[in-house]
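Dear colleague,

I am handing over the structure we discussed, and below it you will find an account of what turned up when I went through it. Please read the notes alongside the coordinates.

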Amino acid sequence: MKTLEEELARYMPEVWSPPDEELTGLLIVLCGFDGSGKSTQVGMLAKKFTTLGKEVVITRQPTDWYRSQPAVQSLLRGGRKEDALYLALLAATDRRAHINQTILPALRQGTVVISDRYLYSTFCYFLLRGLSVKRIAELNRCIPRPSAAFYLDVPAETLMDRIVQRDGGLVKREERSVESISSAITTFRLLSSGEHSLTRVDGTRSIGQVHSEIWRNCNSYI
């Protein structure tokens, strides 16, 4: 039986579309579990690029369309277990529309697109929900490979404390146990250790230190 690392190495490369010379912009992705500080870093990175005179689009996956679907609302609000394949199909549809309507047009105009979450997060969450690497890859083929992608790594216990402090009694199903969070972290770390374009960043440091490391990695693209 193949390990998760072997499965990711086998199927993850199949999702990326071929390089396109018309896409002159940058696609930069920040991933991590809720509470890892993604939103803060997205805003700081966008401000940095803007000060250099770059056009910037801030976006996120999944979009509000996905989040508004009844099955997703049931999962997020009530914590009830939903059909994982159905949710994955919704997520893949949402991603395809988002790429075609938002990301690709911006990249063709030379814009810097900064996305809060991307396909890496989909692997983490839907593996946790029981789908295989192969199935997730099959549903998400032919999407642009990021110019740079970062995973903000924070311990599960710290994340859970932050989420409970932020959301109180509204904590989502997959945020209710250290074990679930740890499982997602394991996948993120595997994705940041292989040839998957995901760079691990220690998210336990100060906000400024995290930003500095992300910016050092982005600076080579300017």
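Thr111 is placed in the loop between helix 5 and strand 3. Please keep in mind throughout that this is a predicted model. With a relative accessibility of 6%, Thr111 falls under the 20% cut-off and therefore counts as buried. Leaving out residues up to four places away in sequence, Thr111 touches Gly25, Leu26, Glu55, Val56, Val57 and Ala106. Thr111 and Ala156, which are 45 residues apart in sequence, lie 35 Å apart in space, taken from C-alpha to C-alpha.

**The chain as a whole**

The protein chain contains 10 helices and 5 strands. Its radius of gyration is 17 Å, close to the 17 Å that the globule rule gives for 222 residues, so the chain is as compact as a globular protein of that length. Along the principal axes, the C-alpha trace spans about 45 × 35 × 35 Å. Of the contacts in the chain with a separation of 6 or more, 80% are between residues 24 or more positions apart.

Buried residues account for 49% of the 222 residues, while the chain exposes about 10,900 Å², of which carbon and sulfur atoms supply 49%. As for the charges, there are 29 positive and 25 negative ones, and their mean positions are 2 Å apart.

In soluble globular proteins, nonpolar side chains tend to be buried together. Here the largest nonpolar core has 51 residues, and the members that touch the most others are Tyr118, Tyr120, Phe123, Phe126 and Leu191. Helix 5, which covers residues 84-108, supplies the largest share of this core, with 10 residues. A second, separate core holds 17 residues, among them Leu26, Val112, Ala148 and Val201.

Which residues does Tyr120 touch, not counting those up to four places away in sequence? The list consists of Met12, Trp16, Val29, Cys31, Pro146, Ala149, Phe188, Leu191, His196, Ser197 and Leu198.

One of these contacts of Tyr120 is His196, a residue in the loop between helix 9 (178-191) and strand 5 (198-202). His196 is buried, because its relative accessible area of 5% is under 20%. Neighbours within four places in sequence aside, His196 is in contact with Leu8, Ala9, Met12, Trp16, Tyr120, Arg145, Leu190 and Leu191.

**Backbone points to check**

- Gln61 and Pro62 are joined by a cis peptide bond, with omega at about -5°; Pro62 is located in the loop between strand 2 (56-60) and helix 3 (64-67).
- Arg117 has a phi near 80°, which is a positive value in a residue other than glycine. Arg117 sits in the loop between strand 3 (112-116) and helix 6 (119-128), and its relative accessibility of 10% is under 20%, so Arg117 counts as buried.
- Cys142, although not a glycine, likewise has a positive phi, of about 60°, and this residue belongs to the loop between helix 7 (133-139) and strand 4 (148-153).

With kind regards

Note on methods:
Residues numbered from 1 in each chain as written. Predicted model: local features only at pLDDT ≥ 70, side-chain atom pairs only at ≥ 80, totals over all residues. Heavy atoms only, no water. Helix = DSSP H or I, 4+ residues; strand = E, 2+ residues; numbered from the N terminus. Rg over C-alpha atoms; globule rule 2.2 N^0.38 Å. Buried < 20%, exposed > 50% of the residue type's maximum accessible area, 1.4 Å probe, protein only. Contact = heavy atoms within 4.5 Å. Areas by Shrake-Rupley, 256 points an atom, 1.4 Å probe, with all protein chains shown as cover. Lys, Arg positive; Asp, Glu negative; His and termini not counted. Charge placed at Lys NZ, Arg CZ, Asp CG, Glu CD. Core = buried A, V, L, I, M, F, W, Y, C linked by side-chain atoms within 4.5 Å.
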